[in-house]
Amino acid sequence: MADEQQLQVLMARQPIYTKSQDVVAFELLFRDTDGNFVEGLKDEDATLGVLLGTYSSITKGGAVQSLPCFLKVTDSFLLNNDVPELPKQNFVLEILGHSDVTPEFIARVKGLAQQGYRLALADYDPRDPKFEPLLNIVHVLKLDIQLLGLDNIPALLQRLRTYQLELLADKVETQEEFRRCLEMGFALYMGYFLSKPEAVKGKKITGNKVVLLELLTEMQRPSATAQSIEQIALHDPALTYRILRVVNSAAFNLKREISSLSHAISLLGIDQIKRWVMLFLTSTDKTKPDELTRNMLVRGRFCELLAEMLGRNEPINHFIVGLLSQLDVLLDMEMEDLLSQVPLQQDMKDALVGRRGSCGELLQQVEHYERGEFEQLSRELDKPFYEVAYRHSLNWAQQVMLAMQQA
């Protein structure tokens, strides 16, 4: 991570989903290190390179793609001609609801649309007439469903039909809200609805997840050997094959092929194999979107890097806690029920349920960062280090997703 370029900007990305919960764009959440909104891409080339190289990248179908990013822009950013030469296919300029919609502002927005920029309008208030001229110019309209109220939205959508707008439901917090917005016909969705489990009472962990849990149990026994671990793995030969495919992939850059799990353990150590067992525990079936696995990977690596930077004990345990922090969502189980079936140390269980201890504290930091709540970050670490660690985690997760999709 030493070669990562340090920016003086804190950035996170929030996915924008389609009806089928595929990610089609990201909204960028960013502040400078003093906590101010960044009005310009100050170190233009450097920041833009990072945005295009990391923040817009996603792994889909075994290949890396670049998705558009929604970039929030202030009045002064627009009117002072501070807009750098942004690649039009890579960015959607997002106009904020508190903008002063003057004739000059409208002319500027119209000019950007004529130049080929895609435009979005956030914080729309149907009672405020100032927004009307913009509805004929922008392409995407964000509706805050919490602010507007779900029951009031059907009538509003009826009024908006005369405009050629792509409608984005913002602040969708639960699966039930997602379903209601889906029925109303929204094209795009933002919010944390993917992070909320729809718990099925009495559900048990099944399939190859059982073998993975048996492997984890064995790996945590002090007397475990490479051979005893391999004997359990052989109960599911297809799973063993997939783990070996990943270990042999570019994720490790090994000089020679590893032919067995015991061979892998002797070369890489139990902790590294434990990491890959965990990764397969979190890999989704087709009923869950890839973004959930991606976010779990990012969280795991981000927690681990923060633990290393802060000199905490056992960074691998911080990785496991970050990775498993959304296993309840993945398996549609309450976290307490799930952990009664997962062989983890008590301090890790405490971190997952109550955000307690070192692992829980760093997981909470990671959750603040991914939501753009940068003011909540601990002062133990200089803020630019958080961005470098987050960016590294995005790149790492992408590499792992590629390896797992090809396994």
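The side chains of E166 and R118 meet in a salt bridge, with 3.0 Å from N to O; the term is used here for a side-chain nitrogen of Lys or Arg within 4 Å of a carboxyl oxygen of Asp or Glu. This pair links distant parts of the chain, 48 residues apart, since E166 belongs to strand 9 (residues 166-170) and R118 to strand 7 (residues 118-121). Helices (H or I, at least four residues) and strands (E, at least two) are DSSP runs, numbered from the N terminus. The structure is a predicted model, in which local features need pLDDT of at least 70 and side-chain atom pairs count only at pLDDT 80 or more, while totals for chains, interfaces and linings use all residues. Residues are numbered from 1 along each chain as its sequence is written, and side-chain values use heavy atoms, with hydrogens and water left out.

A search of the whole structure finds 23 salt bridges. Another of these joins D144 and K171, whose closest N and O atoms are 3.2 Å apart. Here too the pair links distant parts of the chain, with D144 in strand 8 (residues 140-144) and K171 in the loop between strand 9 and helix 7 (175-184), 27 residues apart. D144 counts as buried at 16% relative accessibility, whereas K171 is partly exposed at 36%.

A salt bridge is also found between D151 and R180, where the closest N and O atoms are 2.8 Å apart. D151 sits in the loop between helix 5 (145-148) and helix 6 (153-160) and R180 in helix 7, so this pair ties together parts that are 29 residues apart in sequence. D151 is exposed, with 64% relative accessibility, and R180 is partly exposed, with 30%. Turning to shared partners, salt bridges join E27, K72, E94, K142, D144, D170 and K171 into one network.

Helix packing comes next. Helix 13 (residues 290-309) packs against helix 14 (residues 315-324) at an angle of about 155 degrees, and the axes of the two are 7 Å apart. Helix 13 is therefore roughly antiparallel to helix 14. Axes are lines fitted to C-alpha atoms, for helices over the stretch in contact, and angles run from 0 to 180 degrees between N-to-C directions. Angles under 35 degrees count as roughly parallel, over 145 as roughly antiparallel, 65 to 115 as roughly perpendicular and the rest as oblique.

On the helix 13 side, the contact with helix 14 is made by M296, L297, R299, G300, R301, C303, E304, A307 and E308, and on the helix 14 side by P315, I316, H318, F319, G322 and L323; contact means heavy atoms within 4.5 Å. By class, these residues divide into 8 nonpolar, 3 polar and 4 charged. Ala, Val, Leu, Ile, Met, Phe, Trp, Tyr, Cys and Pro count as nonpolar, Asp, Glu, Lys and Arg as charged, and the others, Gly among them, as polar.

Helix 13 also packs against helix 18, at an angle of about 125 degrees and with the axes 9 Å apart. This makes helix 13 oblique to helix 18. From helix 13, N295, R299, F302, C303, L306 and A307 take part in the contact, and from helix 18, L362, L363, Q365, V366, E367, Y369 and E370. The contact of helix 13 with helix 18 has 8 nonpolar, 2 polar and 3 charged residues. Q364 lies in helix 18 (residues 357-370) and is partly exposed at 37% relative accessible area. Between Q364 and L352 the C-alpha to C-alpha distance is 10.0 Å, and the two are 12 residues apart in sequence.

In a further helix pair, the axes of helix 11 (residues 261-268) and helix 12 (residues 270-282) come within 7 Å and cross at roughly 125 degrees, which means that helix 11 is oblique to helix 12. L261, A264, I265 and L268 of helix 11 meet I270, Q272 and I273 of helix 12. The residues of this contact comprise 6 nonpolar, 1 polar and no charged.

Finally, Q21 is placed in the loop between strand 1 (9-17) and strand 2 (23-32). Q21 is buried, with 14% relative accessible area. Apart from its neighbours within four places in sequence, Q21 is in contact with Q175, F178, F193, L194 and P289.

Key: Buried < 20%, exposed > 50% of the residue type's maximum accessible area, 1.4 Å probe, protein only.
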